[in-house]
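This report concerns the structure shown below. Please keep it in view while reading.

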Amino acid sequence: MLSRTADNLYWLSRYMERADCLARILDVTQRLAQLPAAYGGSTNEWRSALLTAGCAEQFKLVYGDDISEQNVIAFLAFSPENPSSIRNCFEIARTNARSVRTALTMEMWETINSSWLELKRYSTKNMTHEELARFMAFVKETSLRFDGAAYRTMLRNDAFWFSRVGMYVERADNTARILDVKYHVLLPDSEHIGGPLDYFQWASILRSVSALTSFHWVYRESVKPWLVADLLILNAQMPRSLTSCYQNITRYLDDIANFYGRQGGSQRLARSTLTRLGNSRMEDIFQTGLHEYIDTFVTENNRLGSIVNEQYLL
Amino acid sequence: MSVAFDEMTNADGSIRPAYAALSRWLSNVPPDVLDYRRREAEFIFRRIGITFAVYGESDAQERLIPFDIIPRILAGSEWRRLALGLEQRTKALNLYLKDIYSRREVLKAGVVPEDLVYQNPAFRPEMNGQKVPHDLYVHIAGIDVVRVDSETFYVLEDNARTPSGVSYMLENREIMMRLFPELFADNRVAPVENYTDELLATLKSLAPGTSNSDPAVVVLTPGIYNSAYYEHSFLADKLGVELVEGRDLFVRNDVVYMRTTEGPRRVDVIYRRLDDDFIDPLTFRPDSTLGVPGLMSAYNAGNVTLTNAVGTGVADDKAVYSYMPDIIRFYLGEEPLLKNVPTWRCREPDHLKYVLDHLNELVVKEVHGSGGYGMLIGPRADKAQIELFRAKLKQDPNNFIAQPTLALSTCPTFVEEGIAPRHVDLRPFVLTGSDKVRIVPGGLTRVALEAGSLVVNSSQGGGTKDTWVLEES
């Protein structure tokens, strides 16, 4: 398979996944920001959204220090100046899809193409909350459809495996980032850990990854920080968890290696990350600091991305 | 202008035999059914169009070429005669190109004037004395022909560079078979869908001597922003070969490789849909980012086949066109089976004088123009246009040829007011491999949808039709 084709498929899946994540970040931020002012009146939720999405610096270049709800939404969802805005994700995904048209199934292409067309129907300025909610639902729906189309219609060969690797590398990154929102959203001084605001913030995070119900099924307890972290980091049952993502990454990279008859750096790194996740315990993670743990993970995950790139995509 | 020859109905109202079944069907089918099928065809095309080819990146406009649901029909005997002529013409084109880039007998014999070669912008001195695999240059030719009566086909233009449109031929048939199965039951229509198999066999037969037993073929595209990108991806898909861009290829030790996930893989035959100017920045335009640096050195070393060869443009412009009958006689010692449209070469003073005196009757074309642009259709032009061309002609006569306005044949076409005759042309595709020449029975019929219009180009409101060649039972 052409390296460029593999590269396009890999990034196409990453960008579709990223669009989904951005919609989820905006979702959770809006929930947090809607808390009654009486609950503490913290106003840094929108800054936290930028930090979580990893684009606070680019935002500053465009809007300066004016971190309003409207500006952040415009920047994360629609801005052409933000290379990772939802709009740009869809646009890049579609451009990639066009140039690997022959490697996609009809269903995948139609999902990408029609959502790109539909995207234009959303105005970028002054969206009401209801419009924004509808937009978020549309983005998540698109991601679901694309994922489902790929899963149901693609041949199980290197094209499929590269697109899956891309999706799970991106998803692992996104899960880690969403979990990190809590680090960036400060608890006001008047609030205490384990208090109602703290609870609400953790629950919002679960909700944003559609995991609140799962949480109750798995733990049968009230929402607690270490359990949320356990679900999103270590629990292999949870399809967005870092462990689950790395199980999949390892599996699909192995499929590629078996198919080509050669193992390489990406397979080794993926396995060692999976092993480390398997050896982690929540107590230790919280001891060393959740934010630090996530930070290290995000760095390692990025390193896997560049090794996959060197090994196959250049 | 005289009344044009209609391919279905004779002047006395009788129906020509090839159209008998279609004519019966047309007179029985209710108009709303036709209209319904037409809309269905458009819907399917739009879907395929959206699916494959969204033209105009800015807002995904699907610039669909209109499709007419009434087929254009040729009798088997007509087609066989036409095919022989196409094969003859393509053979001559190949011999001419080989000669131009080697011994130049044709120039020495005074059959073609030297400056038509040496001053031709499509002439590639880099190809002088270069051997190309199997001595073939034009492997995929699109020869545009028009018809003026029941006996006579004229060649309108030779396309020896990167002729396009074959995907429409294939998709038009696909759609017709889906929409009108009953018509195919009543007519024995020769299939065209083996075109891509024939193309693959042709391309493989052209592999250089140094390649493996199973040569690797690729389609080289300028990329997704090219207006024919859809056809490139369509062909790669049907051929089952990689669709590559310049950056996917590289040259090492005069061998071309593509970058794959399993490392470099050798490439033997490149069906390139990229003009000469852009294929190798080291040899041609240095600013080209679409090509492959070093490709020409691999080509000259005989390690890769480019289809079509480099420099074929010197054989297909409108000035050379007028010499084609002589070129055929010179190389093959045969009379041309297909006629040329009588052509005045404005480069010759007596021809120029005639043209200037008869501008209101003639079609004047730029030698290097295409797509129906830069031409004057005398009988339809106003005074100002004619005077503009008179000035142009006087200033640069070498740049123009002139031809009589032909009464192009018409075919029944489904238009707003119902079924009416519209002018058509035909582009059959001629494949020349090292083993044999292959022509699938059919081609792309283009139709001028406006009443009386002779301009069939899709850029100017032309449409397409499925083209049927009937097999006699």
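The text below covers the nonpolar cores, the contact between the chains, a helix pair and some single residues.

The model is predicted: local features need pLDDT of at least 70, side-chain atom pairs count only at pLDDT 80 or more, and totals for chains, interfaces and linings use all residues. Residues are numbered from 1 along each chain as its sequence is written, while chains are lettered from A and ligands numbered from 1 in the order in which they are written.

**Nonpolar cores**

A nonpolar core here is a set of buried Ala, Val, Leu, Ile, Met, Phe, Trp, Tyr and Cys residues joined through C-beta atoms within 7 Å. A residue is buried if 20 or more other C-beta atoms lie within 10 Å of its own, exposed if 12 or fewer, and partly exposed in between, with C-beta atoms placed from the backbone. The largest core has 209 residues, and Leu76(A) and Val165(A) touch the most other members. With 15 residues, helix H1 (residues 3-33) of chain A gives the most to this core. Helices (H or I, at least four residues) and strands (E, at least two) are DSSP runs, numbered from the N terminus. Another core lies apart from the largest one and has nine residues, including Ala41(B), Phe67(B), Leu183(B) and Phe414(B).

**Contact between the chains**

Two residues are in contact if their C-beta atoms, placed from the backbone, lie within 7 Å. Chain A and chain B each bring 18 residues to their contact. On the side of chain A, the elements that give two or more residues are H1, helix H5 (86-99) and helix H6 (106-119). H6(A) supplies the largest share of that side, five residues. By class, the side of chain A has eight nonpolar, five polar and five charged residues. In this count Ala, Val, Leu, Ile, Met, Phe, Trp, Tyr, Cys and Pro are nonpolar, Asp, Glu, Lys and Arg are charged, and the others, Gly among them, are polar.

**H1 and H4 of chain A**

H1(A) packs against helix H4 (residues 69-78) of chain A at an angle of about 170°, with the axes 10 Å apart. H1(A) is therefore roughly antiparallel to H4(A), a label for angles over 145 degrees. H1(A) contributes Leu22(A), Leu26(A) and Ala33(A) to the contact, and H4(A) contributes Glu69(A), Ile73(A), Leu76(A) and Ala77(A). Six of the residues in this contact are nonpolar, none is polar and one is charged.

**Helix H13 of chain B**

In helix H13 (residues 324-332) of chain B, Met324(B), Ile327(B) and Ile328(B) are buried. Seen down the axis of H13(B), the buried residues fall within an arc of 100°, so they line one face of the helix. Their cover includes helix H3 (76-100), helix H4 (105-108), helix H12 (318-321) and strand S11 (339-340) of chain B. Gly333(B), which follows H13(B), has a positive phi, near 60°.

Val364(B) is found in strand S13 (residues 362-366) of chain B, and Trp46(A) lies in helix H2 (residues 45-53) of chain A.

| Residue | C-beta atoms within 10 Å | C-alpha separation |
|---|---|---|
| Val364(B) | 23 | 5.0 Å to Leu376(B) |
| Trp46(A) | 23 | 34 Å to Ala150(A) |

Leaving aside neighbours within four places in sequence, Val364(B) is in contact with Val355(B), Met375(B), Leu376(B), Phe389(B), Phe400(B) and Ala402(B). With such neighbours likewise left aside, Trp46(A) is in contact with Thr29(A), Ala33(A), Ile67(A), Ser68(A), Glu69(A) and Val72(A).

Terms used. Axes are lines fitted to C-alpha atoms, for helices over the stretch in contact, and angles run from 0 to 180 degrees between N-to-C directions. Angles under 35 degrees count as roughly parallel, over 145 as roughly antiparallel, 65 to 115 as roughly perpendicular and the rest as oblique. The arc is that of the directions from the helix axis to the C-beta atoms.
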